[in-house]
Amino acid sequence: MTAQADEPSARDGPATNSSVPLISLRNIQKSFGSVHALRGASVDVHAGEIVALVGDNGAGKSTLVKVMAGVHAADSGEYEIEGRPAIVRTPSDATKHGIATVYQDLALCNNLDAVQNLFLGRELTGSRLFGGRIRRAECEVRAREVMSRMRLSNLSLSRPVGAMSGGQRQNIAIARSVLWKPKVVILDEPTAALSHSAAQQVADLIRSLADDGLGVVVVSHDIHHFVVNSTDRIEVMRLGANAASFRSKDVTGEMVVNAMVGGNEGVNLAG
Ligand SMILES: Nc1ncnc2c1ncn2[C@@H]1O[C@H](COP(=O)(O)OP(=O)(O)O)[C@@H](O)[C@H]1O
Ligand SMILES: [Mg+2]
C-alpha cells in the first residue's frame, strides 16, 4: 500500500466504524494450568476492516485467535457475533458462525494440486448412485471462479502445491478459507518468510477480502511493512491483555514496537 496518510482512502472508514462489529470478544480470560495466558483480552472486528494483532512472543496472540476460532474455549469473558451473545467453544461452532482460519502451517497437502487442496475434505461428491465420486470438473469450475474473483487466475490449478512458492501457497490457503463465504477470516503470520514482493501480493489479497466486506484479523510480526502499511487498526497485546490500540495510518512501526515492549502505557489512538 502506498496511500499517503493524509489522502482520503477506504482506510479512513473502518477504524472509526461505530456499527455493530461482526465479532467482539470482551474481557477474555484463559489459563493453561498455572499459566494465565489471557488476562482480560478484547478485540472487535468490523466488516471491511483489517485488524492486526501484535505483541511479543508469549503475549497471548495465538491464544486469543484460537479462542476466536473455537480451538480453545475461554474460561470467562463475552463473545458476541453481530451484537448477539454467541457460544463458540469448538472449531465447528466457529465455522457455523462464518469464522475461517488460515494457520501458519497452511495445512496444505504438497502432493495435491490447488483444486484438490481447495476442496480437501469437503469435495463436491456425486450422488450415491455413482459411488459418491468426486466431481472434479465441478470442483475445477468452482475453483476457477474463486481464483478469478481473488485475481489469482495466473496460479496453476493442476500443479502440486509443493512445487509452488511460499507466496503462492499462502494465496491458495487464503482462497481455501474463503471458498465457503465466511464473514471473518483469521490469518496467522501470512507474510512470514515471504520476499518483499510476495508479501505485498498477499497483503493486496487480504485487502481485497476486506474490500469484499469481510472482517480480517491478522497476527503479524511484520510491524514495519505489513502491519503499519496494510492494515486498518492495530491491537497491541502484552502479558495477555490489550496494551495499546492504534489506527494504522496514524502510527510508525517504532511507535508500535514501543507499545509492544512497554512504552506508552494504555495508549488508545484508535478512537
Ligand atoms: N496449549 C498451551 N498449554 C500451555 N501453555 C500455553 C498453551 N498455549 C499457550 N500457552 C502459554 O500461554 C502464553 C501465551 O502464548 P501465546 O498465545 O502462544 O502467545 P503469542 O502467540 O503472543 O506468542 C505463553 O506463556 C504460552 O507459553
Ligand atoms: Mg503465537
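## Cysteines

Cys109 counts as partly exposed, because its relative accessibility is 28%, whereas Cys139, at 2%, counts as buried. Here buried means under 20% relative accessible area, exposed means over 50%, and partly exposed lies in between, with a 1.4 Å probe and protein chains only. With a disulfide taken as a pair of cysteine sulfur atoms within 2.5 Å, the count is zero disulfides.

## Basis of the model

This is a predicted model, in which local features need pLDDT of at least 70 and side-chain atom pairs count only at pLDDT 80 or more, while totals for chains, interfaces and linings use all residues. Residues are numbered from 1 along each chain as its sequence is written, chains are lettered from A and ligands numbered from 1 in the order in which they are written, and side-chain values use heavy atoms, with hydrogens and water left out.

## Aromatic pair

The structure holds one aromatic pair. Phe119 and Trp180 form this edge-to-face pair, with 6.5 Å centre to centre and 90° between the planes. Phe119 lies in the loop between helix H4 (114–118) and helix H5 (136–149), and Trp180 in the loop between helix H6 (166–178) and strand S7 (184–188), so the pair ties together parts that are 61 residues apart in sequence. The rings of Phe, Tyr and Trp (its six-membered ring) pair if their centres lie within 6.5 Å; planes under 30 degrees apart count as stacked, over 60 as edge-to-face and the rest as tilted.

Phe119 is buried at 1% relative accessibility, and Trp180 is partly exposed at 37%.

## Strand pairing

Helices (H or I, at least four residues) and strands (E, at least two) are DSSP runs numbered from the N terminus, and two strands pair if DSSP finds at least two bridges between them. Five bridges join S1 (residues 23–32) to S4 (residues 76–81) in the antiparallel sense, with Ile23 opposite Ile81.

S4 also pairs in the antiparallel sense with S5 (residues 84–85), over two bridges; in S5, Arg84 is the bridge partner of Ile81. Two residues separate the strands of this hairpin, and Glu82 takes a positive phi near 45° there.

One cavity of 30 Å³ or more is present. A cavity is a set of points, on a 1 Å grid over the protein atoms alone, where a 1.4 Å probe fits but cannot get out; lining residues have an atom within 4 Å of a point. The lining of the largest cavity includes Ile23, Ile81, Glu82 and His97.

Technical notes
1 Å grid on protein atoms, 1.4 Å probe; cavity = no way out; pocket = protein on both sides within 12 Å on 5 of 7 lines; lining within 4 Å. Points joined across faces, edges and corners; volume = space filled by probe spheres on them.
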